[in-house]
Amino acid sequence: MTGFGDNLVGFCGTDSDSAAGFFTCNLYINIVCLWIRSRIWIWIWIGLDYLSQPPDFSPIFGLYTVPRPTMNALVATNRNFKLAARLLGLDSKLEKSLLIPFREIKVECTIPKDDGTLASFVGFRVQHDNARGPMKGGIRYHPEVDPDEVNALAQLMTWKTAVANIPYGGAKGGIGCNPGELSLSELERLTRVFTQKIHDLIGVSTDVPAPDMGTNPQTMAWILDEYSKFHGYSPAVVTGKPIDLGGSLGRDAATGRGVLFATEALLHEHGKSIAGQRFVIQGFGNVGSWAAQLISEHGGKIVAVSDITGAIKNSKGIDIPSLLKHSVEHRGVKGFNGADPIDPKSILVEDCDVLIPAALGGVINRENANEIKAKFIIEAANHPTDPEADEILSKKGVVILPDIYANSGGVTVSYFEWVQNIQGFMWDEEKVNNELRTYMTRGFKDVKEMCRTHNCDLRMGAFTLGVNRVARATVLRGWEA
């Protein structure tokens, strides 16, 4: 058997005992060692230089063209969970158990399109935890749906339902598609195929889906109908349904109304009220538009708004009823003549008292955190603020109301809908709104109590509250290390 040493001797010369052979062998070895050492030092130098450069510096080309990747949603969520677990002093095995999803589902959904061709899409459903009750979470249709994002959002739902103190665990799902490029009939076929693939894994007391980005009450109606073909009529299997199929009054405005109640609670804590405060809202979909309407009705001044079509600003305050009408007629805020157009990229750094990000996640990061002028940030979107931005804003004295509390109004009223469906007894809208106010107000007090107990900010107060409730339920049900 030929070994490495035999090959080296052969390479250096057949007469390894001779002085010439020995010199040649050493020369080759030294050359190889010098080459390896030089490569190591070059890459160490590049690494150190990279860390000292701005986020968009490219170490290979020396150009400010390649952005350094931001922390993705799953990494950020895990980071917040681990910080909370450390504050709570959780057992390491229990901590690991709480972090791992209960079940991850990935299915292929192939449908015939209207033109007769076949199209395949990948659907996901992550069921994170069921210690406190059936798993709960939305289904989104978006081109960028991926397992990491769905996993992070499912985990967030676990903590969110615990913070809201409703008897649910967390789940999330989605299909990687662009709903704007599909016809209504194609969307229906896609939804029904997805339901066929997962119907045995969802249910009234197992996993209760709801609308999310790119889906709506009609989507839930299709899921209800398809699920009922296998399991009998089951209105409580989904929430966010049309009213005629057992949907709850007040559900459409619930997340935005919850943002209102959360904002009232935070401002009251600081001796302020909504009236007279200047607000900037990024995102004018369901959540952003309802938040703007309700805040405006309570005397708040909306000075800037943006959506996918553009951004507008009026320092004297935007006429929200007129903007709502314009947005419906023109499918966006762009072109509204009651405000001036601005660069959508500047919306987060506009001068205001309260900033409400109500669009996608990760929009507040290390690159723009220093420029934010708001004194308060209400996270109406899921994970709009990166942990690195959190630290920067905290040093600036900006108070952030975290997403797992601030946007929990939607899932809270979804719980009310589920309860009404199970009881077969529907509530009027006033009762729904009053109960939501009670839950949101009590939730803020619970978060503040955890902040005082652990001497932490609102985000860690909310995470410790949620994680602690789930951990206690897990242990009480008989968890063993």
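Modeller: Lys-160 is found in helix α5, residues 147-164 (helices are DSSP runs of H or I, at least four residues, numbered from the N terminus). This is a predicted model, where local features need pLDDT of at least 70, side-chain atom pairs count only at pLDDT 80 or more, and totals for chains, interfaces and linings use all residues. Residues are numbered from 1 along each chain as its sequence is written, and side-chain values use heavy atoms, with hydrogens and water left out.

Colleague: Is Lys-160 buried or exposed?

Modeller: Lys-160 is buried, at a relative accessible area of 6% (buried is under 20%, exposed over 50%, partly exposed in between, with a 1.4 Å probe and protein chains only).

Colleague: What is Lys-160 in contact with, beyond four places in sequence?

Modeller: Its contacts include Asn-382, Asp-403 and Asn-407; contact means heavy atoms within 4.5 Å.

Colleague: Which residues does the "binding site" annotation cover?

Modeller: The unreviewed UniProt entry lists Lys-136, Lys-160 and Ser-414. They span 279 residues in sequence, yet no two of their C-alpha atoms are more than 12.9 Å apart, so they gather at one spot. Such annotations may be inferred rather than shown by experiment.

Colleague: Where does Ser-414 lie?

Modeller: In helix α13, residues 409-423. Ser-414 is buried too, with a relative accessible area of 2%.

Colleague: And which side chain does the Ser-414 side chain make a polar contact with?

Modeller: That of Thr-239, at 3.1 Å. A polar contact is a pair of N or O atoms within 3.5 Å; within protein, one must be able to donate a hydrogen and the other to accept it, and residues adjacent in sequence count only if both atoms are side-chain atoms. Leaving out residues up to four places away in sequence, Ser-414 also touches Lys-136, Tyr-168, Ala-210 and Arg-251.

Colleague: Changing topic, which residues make the contact between α8 and α13?

Modeller: Ala-254, Thr-255 and Gly-258 of α8, with Gly-409, Gly-410 and Val-413 of α13.

Key. Helices (H or I, at least four residues) and strands (E, at least two) are DSSP runs, numbered from the N terminus.
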